[in-house]
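User: Could you walk me through this structure step by step? I am new to reading models and would like to learn how to look at one.

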Amino acid sequence: MELHITCIPGDGIGPEIVAEAKKVLEKVAQVYGHQMIFTDILMGGASIDAYGVPLTEQAVQTAKAADAVLMGSIGGDTATSPWYRLPPEKRPEAGLLGIRKALNLFANLRPAILYEELAGACPLKEEISKAGIDMLIMRELTGGLYFGERKTVEENGVKKAVDTLTYDENEIRRIAVKGFDIASKRRKKVTSVDKANVLDSSRLWRKVVEEVAAGYPDVKLEHMLVDNCAMQLVKNPAQFDVILTENMFGDILSDEASMVTGSIGMLASASLNETKFGLYEPSHGSAPDIAGRDIANPIATVLSAAMMLRYSFDLDREADAVESAVRQVLKDGFRTGDIMSQGCEQVGCSRMGTLLAERIG
Ligand code: NAD
């Protein structure tokens with residue numbers, strides 16, 4: 001298969017971690033007989049330095065022409081970098097918001113997996129964590145409270161702020177379809193999270209999710225109120241497979257879920273549109289404090305590349321191979337500095353990429 005991938009190395013550790021993900025993908029291509037065609041574009045600080053703007057129209061067109069986008073991370077040290085003396089719309093992060101909008105990425109997926117070998121990083125009691133954690137948060141990304149009308153007014157000398165939470169049935173349906181599609185590829189369970197005891201938008205959410213569920217008889221649907229879900233994530237995280245939820249609930253729950261698994265250097269993510277197209281990136285930032293020192297953990301980016309193989313290319317066998325290479329490398333005792341523990345061998349970013357690639361095939 002010929003795979004056209006646009007890469008955004010970005011800033012800070014971005015170019016280092018993307019180089020390792022490419023190394024692993026090249027090995028996948030070699031072992032499974034694919035051809036990967038990578039095209040790099042600039043975004044964020046790198047684009048500001050080259051073109052004066054965080055994202056050019058040309059870069060957007062290159063991304064749109066690909067089958068998927070693999071990104072490192074963008075941004076610099078917000079206290080010292082000259083990029084942050086620019087107006088907000090010219091700063092690195094404006095590039096990220098711009099590309100998400102241009103590509104219509106409405107579904108955000110964040111897996112939270114507790115690797116046996118990294119169980120020590122889990123802040124939960126062993127009796128809870130030993131049941132395992134392997135869930136995926138599917139968050140609606142372009143609607144709800146963050147995109148509703150907002151205003152601050154003063155009435156009779158009293159300031160009043162208003163934010164609006166709006167969803168229409170089409171917005172709910174398209175994210176629910178993504179959630180059920182992905183659950184069909186996993187353990188076939190969707191927990192739809194809402195606040196239907198209070199909010200109208202949640203009652204509509206529940207109704208539409210149930211309509212979509214009818215088309216997936218092999219996927220089990222359960223509903224959970226968001227406050228209960230926040231509690232269950234630390235009480236019994238093993239119960240979750242796919243958590244399907246709206247924008248703000250997903251924002252909060254995905255951070256909570258990622259923390260129960262430990263290291264930030266292990267957390268992948270994907271943002272998808274209505275087609276198979278997606279943008280895949282680690283959940284962490286550009287870590288300017290460790291950039292250029294070959295010590296960053298590339299695993300989150302490599303796992304994001306595995307998600308790309310699975311969700312944009314339907315290459316489940318290849319994605320499984322990448323994910324099992326990660327497990328194997330941890331089992332073999334290799335660690336980057338951020339996940340280092342006693343008795344393991346500490347390796348740099350580039351060596352970690354090589355060790356992962358060696359374990360494919
Ligand atoms: P960060 O995630 O970059 O770093 C937080 C801490 O985690 C740092 O100590 C860093 O060294 C460490 N860390 C992060 N990734 C690591 C990895 N792969 N291996 C080892 N250690 C790692 O968050 P921050 O410092 O708040 O932000 C730095 C910059 O990144 C800012 O400009 C911010 O705006 C940007 N950012 C970008 C994205 C994105 O591109 N999607 C996301 C978050 C932050």
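This is a predicted model: local features need pLDDT of at least 70, side-chain atom pairs count only at pLDDT 80 or more; totals for chains, interfaces and linings use all residues.

User: Which residues come nearest to the ligand?
Analyst: A residue is near a molecule if one of its heavy atoms lies within 4 Å of it. There are 22 residues around the ligand. Those that come nearest are G76, E93, G285, A287 and N297.

User: What distance separates an oxygen atom of the ligand from a polar backbone atom of G285?
Analyst: Let's look at polar contacts, which are pairs of N or O atoms within 3.5 Å (within protein, one must be able to donate a hydrogen and the other to accept it, and residues adjacent in sequence count only if both atoms are side-chain atoms). A polar side-chain atom of D289 is 2.9 Å from a ligand oxygen, and a polar backbone atom of N297 is 2.9 Å from a ligand nitrogen. For G285, the distance from its polar backbone atom to a ligand oxygen is 2.7 Å.

User: How much of the ligand's exposed area does the protein bury?
Analyst: Accessible areas come from the Shrake-Rupley method with a 1.4 Å probe; for residues, only the protein chains shown count as cover. Taken alone, the ligand exposes 810 Å². The part of this that the protein buries is 69%.

User: Which elements give two or more residues to the shell around the ligand?
Analyst: Helices (H or I, at least four residues) and strands (E, at least two) are DSSP runs, numbered from the N terminus. By class, the shell has 10 nonpolar, eight polar and four charged residues. Here Ala, Val, Leu, Ile, Met, Phe, Trp, Tyr, Cys and Pro count as nonpolar, Asp, Glu, Lys and Arg as charged, and the others, Gly among them, as polar. The elements you asked for are β3 (68-73) and α4 (92-102).

User: Which element gives the largest share of the lining of the largest pocket?
Analyst: On a 1 Å grid over the protein atoms alone, a pocket is an open set of points with protein on both sides within 12 Å along at least five of seven lines, a cavity is a set where a 1.4 Å probe fits but cannot get out, and lining residues have an atom within 4 Å of a point. The largest pocket has a volume of about 760 Å³, and of its 27 lining residues L96, L97, R100, L141 and E281 are the closest to its centre. Two or more lining residues come from each of β3, α4, β4 (107-113), α9 (247-259) and β12. The largest share, five residues, comes from α4.

User: How many charged residues are in the lining of the second largest pocket?
Analyst: This pocket holds about 360 Å³ of space, where a volume is the space filled by probe spheres set on grid points joined across faces, edges and corners. Its lining has 18 residues, and I113, D134, R186, R310 and E323 lie nearest its centre. The largest share, four residues, comes from α10. The lining has 11 nonpolar residues and no polar ones, and the number of charged residues is seven.

User: About how much space lies in the largest cavity?
Analyst: The structure holds one cavity of 30 Å³ or more. I113, L114, Y115, L118, T261, G262, S263, M266 and L267 line the largest cavity, with six nonpolar, three polar and no charged residues. The space inside is about 40 Å³.

User: Is N156 buried or exposed?
Analyst: N156 sits in the loop between β6 (150-155) and β7 (158-163), and has a positive phi of about 50 degrees although it is not a glycine. Buried means under 20% relative accessible area, exposed over 50%, and partly exposed in between (1.4 Å probe, protein chains only). Because its relative accessibility is 80%, N156 counts as exposed.

How values were computed. Residues are numbered from 1 along each chain as its sequence is written. Side-chain values use heavy atoms; hydrogens and water are left out.
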